[in-house]
Each structure stands twice: as structure tokens, then as C-alpha cells.
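Here is a short note to read beside the model. Please keep the 3D view open as you go.

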Amino acid sequence: YMLMALTGCRIGEAFSLKRLDVLQNPSCVKFRDTKNYSDRSVFIGEELFEMISQIPDESEYIFYSYRTKKPLNTQEVNKDLKKRALQVGIRVRVYNHLFRHSFVTLMVNSNVDWFILSTIIGHKNPKTTLKYYERSLTRQKQCFNKHPYYKGIISWEESKKIAVEAIEEAFDTSMRGIEIIDTEDSKIHIIIYKNRDSTLRN
């Protein structure tokens, strides 16, 4: 979890990490054969390096099953994450990829150069990283819209757009569907699909 949170790596990249891919000077890891079919080195810092170094050396992989000595199972780790979240009172949907999204968002909000950030997280097309910056500007706009002067002049379409963005973020709609229906009585019905074929709620 720390590796994903501090490097923005994908969980598959973390599980594929081998001991020979962890370097001390400087403290970094090398993710190999990533989603875009290339290798990349990412700085991890001395503290995280020490944490990784303390993991028992019983497999060529860093994160492995003690039973099989093979990489951990993504679904099992996801279940464990949800269980941990509930134990500390987190009720919203939690999943491994959130660490990657959070890392990128934090870097964007800290004004990290977008091109350098794209090389850290391994976006083949840097324009993919730019979407996070656009989202950041959208949130700034939403903050301004709460100002009493602006609040009264937001259009209906703009209000709907803000609502949809909040829903998409809460429900991770990249794997789902969402539909907005205007009614004649100035209300909207929001339909979120569990997947592309079945309705979750109205």
C-alpha cells in the first residue's frame, strides 16, 4: 500500500517487482514490462527502501504469498484492503487503484510538472496526465462557484455537470454506466449502472 501510495504505481507493477529491481543508491525501484510495454525507474526514498528491505527474503518477488512464494493475488489484496477500511470506519468504496489516483491528484495539487509526473506514473501518452490537471481546475471553479456572487448565476447545465462529476468520482463509473434524465418538474433522475447492462439504483 505504501509503495502504491508513494509512487503511483499500478498494483500489477507492484506485484511484479523483484528483489533485483530494488536499488539503494539512489533509492528507487524499476518497474518492468509495464502496461505500456516499457520499463521505468521511480524514486522511493530511503524510508520506503528500508521497509521493503525488511521483508523476508524467501522469494524473488518483493510481495509474495508465503505459501506459494509467487506474487500476491490482486483480488485477495483488494478484499483485505476493504476489510481494513471498514475496521477504521471508512464506508466509501475503497480499491487498490485509488492509491494511484490519490498520488497523481496530490502531485497535481502540489504543482508538479505534468510531463515529469507522466514519466513517474508511466502514462504512455502524457495527455492522459493532463486530464488530472483539467480536473483540478474544475475543482477550483467549483470552489469559486460557492462564493455568494457566483452562486446565484450558475446555470442549470453547469449544476448538472458538477453533480455528474461528483457521482463519477464516488462510484468509479469508468467500469459502469451513468444516465441523467431531466424531468418536467425541474428535477433530475440519476441512474447508475452496476455494469454496462444492469441498473444499480435510481
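This is a predicted model: local features need pLDDT of at least 70, side-chain atom pairs count only at pLDDT 80 or more; totals for chains, interfaces and linings use all residues.

1. Residues are numbered from 1 along each chain as its sequence is written, and side-chain values use heavy atoms, with hydrogens and water left out.

2. Look at helices α5 (residues 97-109) and α6 (residues 114-121); their axes come within 11 Å and cross at roughly 160°. Helices here are DSSP runs of H or I, at least four residues, and strands are runs of E, at least two. Axes are lines fitted to C-alpha atoms over the stretch in contact, and angles run from 0 to 180 degrees between N-to-C directions. The pair is therefore roughly antiparallel (angles over 145 degrees).

3. Which residues make the contact? From α5 come R100, F103, V104, M107 and V108; from α6 come L117, I120 and I121. Contact means heavy atoms within 4.5 Å. Seven of these residues are nonpolar, none polar and one charged. Nonpolar means Ala, Val, Leu, Ile, Met, Phe, Trp, Tyr, Cys and Pro; charged means Asp, Glu, Lys and Arg; the others, Gly among them, are polar.

4. Now the backbone. Most residues other than glycine have a negative phi, and most peptide bonds are trans. The N25 to P26 bond is cis, with omega near -5°. P26 sits in the loop between β1 (22-23) and β2 (28-31). D33 is not a glycine, yet has a positive phi of about 50°. D33 lies in the loop between β2 and β3 (40-43).

Terms used:
Angles under 35 degrees count as roughly parallel, over 145 as roughly antiparallel, 65 to 115 as roughly perpendicular and the rest as oblique.
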